[in-house]
Amino acid sequence: MGKKLIVTEKPSVAKDYAKILGAKAQGRDYFENERYIITWAYGHLLTLKLPEDIKPEWKTWQLETLPMIPKQIGLKPLPKTSRQLKLIGNLAKRQDVTGGIVATDAGREGEAVGRYIFEWIKLNKPLERLWISSQTEKAVKTGFAQLKPAKQYENLYQSAVARGKADWLVGLNVTRALTVKYADNLSAGRVQTPTLNLVHQAQEKAEKFVPTTYYTIDLLFGNETGRLQLKNPQQYTDRNQAEAFVNQLVGQNGKVVTVNTKEKQQLAPLPYDLTELQQVANSRYQYSAKKTLSLVQSLYETHKIVSYPRTDSKYLPQDLAGTMKERLQALVGYDERAKRYLAQGAKVKQTAVFNDRKVTDHYALIPTEERPRFEKLSTDESRIYHLILERFFGLFADPHITATTKATVAIAGHSFVFKQEKVLQAGWQTGTAANKAQVSWQEGQSLKGNFKINKELTTPPKLLSEGTLLAQMEKNNLGTPATRAEIIEKLLKSELMERRGNVLAVTPKGRQLLSLVNPSLRSPELTAKWERSLEAIAQGQENPQQFLRGIEADTKKLVAEIKESQQSYKDFSLTTKICPECGEPLRERNTRDGKIYLCSNPECNYRRRKEPKVSNHRCPQCHKKMEIIDGKNGAFFKCKFCGITEKIPDKQERKKKMTKNEERRLLEQYAKAEEPGESPLAQALKAAMAKKD
């Protein structure tokens, strides 16, 4: 009996599958049993070739060679993981291997990861696809029992390939054109640039906003407040005007002319898709989109208690209805609602959630049938899990029913509107406040009330937070749930955008980029059109080659516009500091390791830290962390508090140095043998330790 070669996206997933399928470790590279060989990638093992890999003349960045439109881009192995790629190729060539299984993430990017590998190793045996939406043992076993031919996912693969090539053509050409033309590192792309522009537009509105003061007038009756109805709510810009108006009404009786009561039934919200979950987590906990994705990925992959995270659907397929009871049972003992809804027959009252037509590659984020172990979850993981649980429990809850009464009171021909709301059934909104005492309005009722003048100030438009930016990206069809967090991080890393507390702002460099880049690339319309085409390719409704021919034409146009541009550019990163080696100005750059200065002369390699790096090495006098200073004769430790300096030990010296664990074990060993009077050996050891400190 032949064996099938399974390739997962990560080693941890391969380990889980091996445990479920009963495969044993073969060294440190793969697992095997009588039916399967299971190995893994480390995310991407292959990437599209760089320009210099295709044509030697493309190695040098110059306007003359742009645009770069290769007939075939091709793939190349990533150097750090080439050993793993070679191993997969060797396993596939084994005589007992009869076929392959793509077991990478079940999405567009995962499809590219797996198919690139099998394409590179030239597998000439049948290829199948594992497609699952949760990582529980039951889901994995069911998935392997229902493998489908990889050809069924050919359109999805072609969509992934087209996306990669489109990003290569637009991103590399436009970035090179801008960087060479304006002599600074200016990164642009088909999704990141219109995303940056969304942040800029919100920022411009906020900056141009001029606050104005205006006055509103209320009628107070009982504990209710009615607002004066005006065609222009900001009509009174002067308090004297408002007071003059009120003086005309004081002492006059009002009459209730209309009373309308409307009952509203509100069903629980649908479960989360990834983008909405990221929005809520950002608003409630200030988590970045990247952090939320990482947390929900851990809940899916490590804890196996939620369904596939990178989903763009809020709906569930009809065939999942039969699993809802089991999912509730897994939560009994953790939330009293699980037991209550089971007692009611696990009946889903938000029936609109079951809609096969609105489920794309994956359904909404819901808990799996796996029993959660809350003691193993971090605080951050628990928060995200409970957000998902809240939406899930809402599916079984009664609707929230309210009665809103609107009463219109007329005084001297002017209308004041009172609104009051009464909760008839809390339903899924269990935390709703109790109803307060309300006025019983009657048509024709005569009343006298007091007037109140309120000073109001127009509020400025808000800057975008990550949550509101995600909503804008979704609305404008920029990127996918799987890629949006990565796009935001890329803009921050390239210093085109920055975080200001919980909001985002465009940097001076980012503003300049937007002024230099083509208007069509700033607008989300072109990118949205490309994204719709990629989705159409995935559905088999558009030809990928035709799409890429359009991308090539757009790339040529974008590069030509940059070449012909007469715009000037100011490099805001240039400082007044001079390079000690060539005399050119130094640039300031942000890196993972802190701010650095590097020479603006491309021929010069000078660079240094803006501020010294803080080490974990402690000062022997004040015990505070020492800085690492780059001196003429090499780096050394220095305490900025005491001024003490120390040589940084080399590798051999560090090896000789006793670790804390070694110190502890040695002290414990001699402490056992120690008499009331210290032994000579213990004394010698303590003396050595003291000298060492």
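Tutor: Start with burial. Buried means under 20% relative accessible area, exposed over 50%, and partly exposed in between, with a 1.4 Å probe and protein chains only. Helices (H or I, at least four residues) and strands (E, at least two) are DSSP runs, numbered from the N terminus. This is a predicted model: local features need pLDDT of at least 70, side-chain atom pairs count only at pLDDT 80 or more, and totals for chains, interfaces and linings use all residues. Residues are numbered from 1 along each chain as its sequence is written, and side-chain values use heavy atoms, with hydrogens and water left out.

Student: Why is α4 described as largely enclosed by the rest of the structure?

Tutor: Because 10 of its 13 residues are buried. Among them are Arg108, Glu111, Tyr116 and Phe118.

Student: What span does α4 reach from its first C-alpha to its last?

Tutor: The expected span of a helix is 1.5 Å times one less than its number of residues. Helix α4 covers residues 108-120 and reaches 18 Å, close to the 18 Å expected. Just after α4, Lys122 takes a positive phi of about 55°.

Student: Is Arg337 buried or exposed?

Tutor: Arg337 counts as buried, because its relative accessibility is 13%. Arg337 is found in helix α12, residues 336-343.

Student: Which residues is Arg337 in contact with, leaving aside neighbours within four places in sequence?

Tutor: Contact means heavy atoms within 4.5 Å. Arg337 is in contact with Glu390 and Phe393 on that count.

Student: How do α9 and α10 pack?

Tutor: Two packed helices are described by the angle between their axes and the distance between the axes. Axes are lines fitted to C-alpha atoms, for helices over the stretch in contact, and angles run from 0 to 180 degrees between N-to-C directions. Helix α9 (274-285) and helix α10 (289-301) pack at about 115°, with axes 9 Å apart. Leu274, Leu277, Gln278 and Ala281 in α9 meet Ala289, Thr292, Leu293 and Val296 in α10.

Student: In what order do the four strands of the open sheet run?

Tutor: Two strands pair if DSSP finds at least two bridges between them. The order is β23-β24-β25-β26, with antiparallel pairing. The edge strands, β23 and β26, each pair on one side only.

Student: How many bridges join β24 to β25?

Tutor: Five bridges join these antiparallel strands. Glu627 stands opposite Lys638 in β25.
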